[in-house]
Amino acid sequence: MSLTTETQQFVNRFTRELPADPITENFSRQVQHSAYSRVQPEKVSSPALVGVNQALAISLGFGKFLEDPARLALILSGNELLEGMSPYAMAYGGHQFGSWAGQLGDGRAINLGELRDSEGRFQTLQLKGAGPTPYSRHADGRAVLRSSLREYLCSEAMFALGVPTTRALSLVTSGDKVVRDMFYDGNPQAEPGAIVCRVSPSFVRFGSFELPAARGDVELLQKLVRFVIRSDWPDLASRLAAANSDAKTKQVYLDWFSRICALSQEMVIHWMRVGFVHGVMNTDNMSVLGLTIDYGPYGWVDDYDPDWTPNTTDAGQRRYRFGQQPAIVRWNLYQLANAIYPLVQDAEALQSILQTLPETYERSYHRMMCSKLGIDDTLPLSAELIRVLPTVLTSQPTDMTLFFRSLANFDVNTDAALSDCVASAFYGDQGLLEANYELYRMWEEKYRLCLRNSSGGQLRIQIMNEVNPRYVPRNYLAQQAIEAMENGDPEVFSSLLTVLSKPYDEQPENLQRFGQKRPDWASNKPGCSMLSCSS
Ligand code: AMP
Ligand code: MG
């Protein structure tokens with residue numbers, strides 16, 4: 001890999017174009033009429049680089065630092081600022097678990113600045129865990145190693161899986177301890193602290209618009225909406241600039257909202273495709289660009305279960321369970337519609353966009369599921385096949401990833417039973433339970449019919465293997481990487497990253513262990529199937 005030597009040009013459109021908090025001291029407070037507050041990262045005692053994404057570093061013009069990890073650790077912990085960096089924390093609010101929570105904001109995230117990557121795209125660099133900000137409330141502004149490693153690992157895995165996501169540039173341990181009560185049960189522990197540098201074209205969230213809207217600050221709301229359109233939607237931006245009537249301006253806002261709806265739903269379709277459960281789909285964790293953001297108590301579906309949530313904080317309500325994510329993204333889009341209503345002043349127009357969402361989702365979901373099954377989405381029988389599939393998959397514990405991946409090997413030209421083909425996906429060692437023979441036989445019959453009438457031919461296996469991953473960052477694997485890293489061994493983490501950078505490919509023998517279904521010991525282990533928001 002060749003290293004570049006160019007210097008970064010920070011452009012910092014957000015801070016240049018939007019109103020700043022006039023107060024510059026760093027203390028917790030309500031911040032009015034401002035999109036952000038300027039704040040300096042608080043230095044950490046001994047930053048050490050334990051992970052860096054080389055390709056991303058090079059594309060951001062950081063290639064020249066790769067040979068000097070100590071310097072890179074200084075920069076990516078916030079201990080050293082580069083010329084042109086202009087650190088700030090963003091103001092936003094949000095609905096948390098269904099209720100309006102008021103001002104939240106970047107309580108432990110500090111944006112360093114915005115630059116263009118090697119392809120000319122704008123990217124903002126953001127440190128997570130770099131110290132307190134005016135939005136920290138009573139918390140410390142820090143992050144622990146376990147949650148930081150999980151964020152780095154999962155966002156990079158998602159990227160390689162083709163799921164829209166923010167990226168992770170680096171993982172730096174701080175050398176400082178951070179105290180967390182992991183299960184909120186009165187057992188606080190001092191844990192190693194860390195900082196992830198996240199990268200995204202935008203860190204604006206639904207909650208960024210909700211906060212000024214809730215405060216009746218239409219002026220700030222409008223500035224923010226117009227800024228976001230100018231920054232991220234060039235075609236809409238030119239229409240906005242040319243709009244010479246209120247009606248035309250309003251139409252641009254509505255089209256922009258439609259685009260956000262489409263991107264957000266597409267993101268969730270991808271989550272359903274790969275078995276990802278975000279765990280905290282609060283509106284402050286919803287990116288305006290439809291990128292997966294804020295990796296907290298997320299989880300990956302092992303045995304297929306639409307009711308599963310990894311988040312113990314949500315165990316009672318299960319609001320953010322796997323199968324509910326499509327409904328929740330729509331609920332969140334309703335909140336965004338409410339937030340921008342003062343600019344549009346047309347409830348009917350917003351409603352009519354929102355009303356199309358279930359149908360658009362269903363159509364996309366159908367197409368996606370047909371691609372996972374390797375069948376044509378126009379077959380009349382395909383809808384029935386997909387409708388019954390959850391019953392098949394939940395009839396006994398069945399690994400979602402292995403089930404779909406195995407389907408590519410199902411050969412309709414032989415009599416070999418489907419249940420034998422997917423046998424590696426069954427949990428427990430008894431194979432297909434007798435009680436499920438009939439269910440499998442019926443589903444298999446329909447599946448054979450669909451396959452025979454589909455046009456995939458020789459390409460079917462290849463196409464299926466491009467949508468059904470072989471490797472995902474299973475919860476227990478992330479936990480193994482964390483435990484090894486906390487004991488000073490980065491090998492599990494780096495091997496796992498290597499595997500997850502090519503999640504659709506078969507791997508050499510020494511890495512195949514990362515493709516195994518969840519072992520028994522991980523079923524009820526904290527970190528493996530149960531996670532809290534404590535991070
Ligand atoms: P999350 O649940 O991680 O999306 O966070 C919700 C809100 O709490 C956001 O405003 C975060 O910035 C804030 N927050 C979470 N953890 C901390 C922390 N350790 N210090 C300060 N703010 C935090
Ligand atoms: Mg958040």
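# Bonds, bridges and burial

Modeller: Ligand 1 is surrounded by 17 residues, and the closest are Gly-105, Gly-107, Arg-137, Asp-140 and Gly-141; a residue counts as near a molecule or strand if one of its heavy atoms lies within 4 Å of it. This is a predicted model, in which local features need pLDDT of at least 70, side-chain atom pairs count only at pLDDT 80 or more, and totals for chains, interfaces and linings use all residues, while side-chain values use heavy atoms, with hydrogens and water left out. Residues are numbered from 1 along each chain as its sequence is written, and chains are lettered from A and ligands numbered from 1 in the order in which they are written.

Biologist: What makes the approach of Arg-137 to ligand 1 a polar contact?

Modeller: A polar contact is a pair of N or O atoms within 3.5 Å; within protein, one must be able to donate a hydrogen and the other to accept it, and residues adjacent in sequence count only if both atoms are side-chain atoms. A polar side-chain atom of Arg-137 lies 2.9 Å from an oxygen atom of ligand 1, so the pair falls within the limit. Polar side-chain atoms also lie 3.3 Å from a nitrogen atom of ligand 1 in Arg-108 and 3.2 Å from a nitrogen atom of ligand 1 in Arg-180.

Biologist: Which residues coordinate the magnesium ion, ligand 2?

Modeller: Asn-285, through OD1, and Asp-294, through OD, coordinate the magnesium ion at 2.0 to 2.2 Å. Donors are N, O and S atoms within 2.8 Å of the metal (3.2 Å for Na, K and Ca), and water is not among the atoms, so sites may look incomplete. Both Asn-285 and Asp-294 are buried, a word used for under 20% relative accessible area, with exposed meaning over 50% and partly exposed in between (1.4 Å probe, protein chains only). Asp-294 also belongs to a network of salt bridges with Lys-128, Glu-151, Arg-198 and Arg-205.

Biologist: Why is the pair of Arg-142 and Glu-42 called a salt bridge?

Modeller: The term requires a side-chain nitrogen of Lys or Arg within 4 Å of a carboxyl oxygen of Asp or Glu, and the closest N and O atoms of Arg-142 and Glu-42 are 3.4 Å apart, so the pair qualifies. The two residues are 100 residues apart, with Arg-142 in the loop between strand E7 and helix H4 and Glu-42 in the loop between strands E1 and E2; helices (H or I, at least four residues) and strands (E, at least two) are DSSP runs, numbered from the N terminus. At 13% relative accessibility Arg-142 is buried, whereas Glu-42, at 44%, is partly exposed. By this rule the count comes to 32 salt bridges.

Biologist: How are Glu-438 and Arg-441 placed in helix H14?

Modeller: Glu-438 and Arg-441 are separated by about one helical turn, because they are 3 residues apart in helix H14. The closest N and O atoms of this salt bridge are 2.8 Å apart. Glu-438 is partly exposed at 40%, and Arg-441 is partly exposed at 42%.
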